[in-house]
Amino acid sequence: MADFAEQLAQHIPRLRRYARALAHDAAWADDLVQDTLERALQRRWQFRIDKSLTAWLFTILYRRFLNDVARHRAVVSDESEVPEPAVTPDFPMQIDMQRALAKLTPEHRAVIVLVGLEQVSYQEAAEVLDVPIGTVMSRLSRAREHLRAALSGAPAAGAARLSRIK
């Protein structure tokens, strides 16, 4: 068990980064990570050695996140709750990116964080999210499109447009 616990401890930074990107709330993210680690320890017998421990842990964390959202019917975040990053030369871009990420749906945010930030393969992302690989690619494409639109100030290509009919 000590070896498994040590392996889990090595994944804590990645789990925290993923949880914070999903929840946009440090306390909620820390709760998600703790719940994930507890569940992994309690159910370590379910982990298959031929699979990725990282993907298994991300799956647990993502499922916990979805359960919390469904249970509380919580809005994941709004612009006023986006945490302020450390002041750096690209500070305005960081703020814009966090706000743009906060506007994405949980499904789009999860896939873009997995592939873009955590650098997992499409196949691993599909396993974590429990969706086909094609769904990962389409969600990633839509999430990138929405991010581009949010960062440029232009409406997304798929955004509904009102037209006047006479």
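Helices (H or I, at least four residues) and strands (E, at least two) are DSSP runs, numbered from the N terminus. The model shown is predicted: local features need pLDDT of at least 70, side-chain atom pairs count only at pLDDT 80 or more, and totals for chains, interfaces and linings use all residues. Residues are numbered from 1 along each chain as its sequence is written, and side-chain values use heavy atoms, with hydrogens and water left out.

**View 1. The loop between helix 1 and helix 2 holds His 24.** Although His 24 is not a glycine, its phi is positive, at about 55°. His 24 counts as buried, with 7% relative accessibility; buried means under 20% relative accessible area, exposed over 50%, and partly exposed in between (1.4 Å probe, protein chains only).

**View 2. Gln 119 lies in the loop between helix 5 (106-117) and helix 6.** Gln 119, which is not a glycine, has a positive phi of about 55°. Its relative accessible area is 61%, so Gln 119 is exposed.

**View 3. The protein chain as a whole has seven helices and zero strands.** Along the sequence the pattern reads α-α-α-α-α-α-α. Of the 166 residues in the protein chain, 38% are buried.

**View 4. Asp 30 forms salt bridges with Arg 16 and with Arg 20.** A salt bridge is a side-chain nitrogen of Lys or Arg within 4 Å of a carboxyl oxygen of Asp or Glu. For Arg 16 and Asp 30, the closest N and O atoms are 3.3 Å apart. This pair links distant parts of the chain, with Arg 16 in helix 1 (residues 2-23) and Asp 30 in helix 2 (residues 26-42), 14 residues apart. The closest N and O atoms of Asp 30 and Arg 20 are 3.9 Å apart. Here too distant parts of the chain are linked: Asp 30 is in helix 2 and Arg 20 in helix 1, ten residues apart. Arg 16 is partly exposed, at a relative accessible area of 33%. Asp 30 is partly exposed, at 33% relative accessibility. Arg 20 is partly exposed, with a relative accessible area of 36%.

**View 5. A salt bridge joins Arg 64 and Asp 35.** The closest N and O atoms of the two residues are 3.6 Å apart. The pair links distant parts of the chain, Arg 64 being in helix 3 and Asp 35 in helix 2, 29 residues apart. Arg 64 is buried, with a relative accessible area of 17%, whereas Asp 35 is partly exposed, with 24%. Elsewhere, salt bridges that share partners join Arg 14, Arg 17 and Glu 118 into one network. The structure holds seven salt bridges.

**View 6. The second largest pocket has a volume of about 210 Å³.** On a 1 Å grid over the protein atoms alone, a pocket is an open set of points where a 1.4 Å probe fits, with protein on both sides within 12 Å along at least five of seven lines; lining residues have an atom within 4 Å of a point. Grid points are joined across faces, edges and corners, and a volume is the space filled by probe spheres set on the points. The lining consists of Gln 46, Phe 47, Arg 48, Lys 51, Ser 52, Ala 55, Trp 56, Thr 59, Glu 127 and Val 128. Helix 3 (53-72) and helix 6 (122-129) each supply at least two of the lining residues, and helix 3 gives the most, with three. By type, the lining divides into four nonpolar, three polar and three charged residues. Ala, Val, Leu, Ile, Met, Phe, Trp, Tyr, Cys and Pro count as nonpolar, Asp, Glu, Lys and Arg as charged, and the others, Gly among them, as polar.

**View 7. Tyr 122, Ile 133 and Met 137 form a nonpolar patch on the surface.** Together the three residues have about 250 Å² of accessible area. Patches are made of residues with over 30% relative accessible area and no salt bridge: like charges are joined within 9 Å, nonpolar side chains (Val, Leu, Ile, Met, Phe, Trp, Tyr) within 5 Å. Accessible areas come from the Shrake-Rupley method with a 1.4 Å probe; for residues, only the protein chains shown count as cover. Tyr 122 belongs to helix 6 and is partly exposed, at 31% relative accessibility.
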